[in-house]
Amino acid sequence: MPQSESMGYNVSSNLFGGDTMLIDQISVFLENKQGRLAEVTRVLGENNIDISALSIADTTDFGVLRLIVNYPDKAIEILQQHGFAASKNSVIAIEVEDKPGGLAKALSVLDKKGISIEYMYAFVGTCRNENAMVIIRVENPENALEILKNEEFVIKSPADVYRNS
């Protein structure tokens with residue numbers, strides 16, 4: 001799959017009847033000690049990296065910070081230069097109705113096709129039409145994209161997700 005070096009996102013051109021795109025998510029492994037999260041956000045901010053969505057999961061000893069940012073490749077490079085263990089993987093951003101059962105509809109479609117959700121989190125803000133946007137991680141994102149598109153879900157592109165000013 002071709003990858004744009006300048007923007008840091010995966011593009012699946014015409015694979016599903018159009019330009020359907022996977023979103024690059026950054027995972028940062030943090031020691032569970034005071035100031036580490038503040039340091040990550042400070043370093044990114046100082047380098048004009050805008051955080052659009054985030055999730056953090058923790059254990060007693062460490063945490064995993066998951067981020068959607070405007071320049072994923074630049075963010076990985078900067079974080080690694082500052083001694084953080086950071087990696088990148090593909091997630092899907094979809095639009096769901098912002099009403100009771102809206103999210104259940106999307107998750108049910110994937111469940112019926114045998115696709116498990118590894119994790120998910122909400123995106124800051126809403127879509128133009130007041131629907132909600134969620135980020136989902138699945139084992140096979142290309143297959144999940146095809147299923148969701150066939151069921152007429154709105155798949156968000158990197159241009160919709162990354163806030164590049």
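**Ring contacts, helix packing and confidence**

In this predicted model, R66 lies over the face of Y119, 3.7 Å from the ring centre, where a charge sits over a ring if NZ of Lys or CZ of Arg is within 6 Å of the ring centre and within 35 degrees of the ring normal. Local features need pLDDT of at least 70 and side-chain atom pairs count only at pLDDT 80 or more, whereas totals for chains, interfaces and linings use all residues. Side-chain values use heavy atoms, with hydrogens and water left out, and residues are numbered from 1 along each chain as its sequence is written.

Helix α3 (residues 102–112) and helix α4 (residues 141–150) pack at an angle of about 120°, their axes being 10 Å apart. The contact (heavy atoms within 4.5 Å) is made by A106, V109 and L110 of α3 and by A144, I147 and L148 of α4.

The mean pLDDT (the predictor's confidence in each residue, from 0 to 100) is 82 for the protein, with 82% of its residues reaching 70 or more. Over residues 1–20 the pLDDT is below 50, although this stretch has 48 contacts in the model beyond near neighbours in sequence. Confidence is lowest in strand β1 (residues 3–4), at a mean of 36, and highest in helix α2 (residues 72–81), at 96.

Technical notes. Helices (H or I, at least four residues) and strands (E, at least two) are DSSP runs, numbered from the N terminus. Axes are lines fitted to C-alpha atoms, for helices over the stretch in contact, and angles run from 0 to 180 degrees between N-to-C directions.
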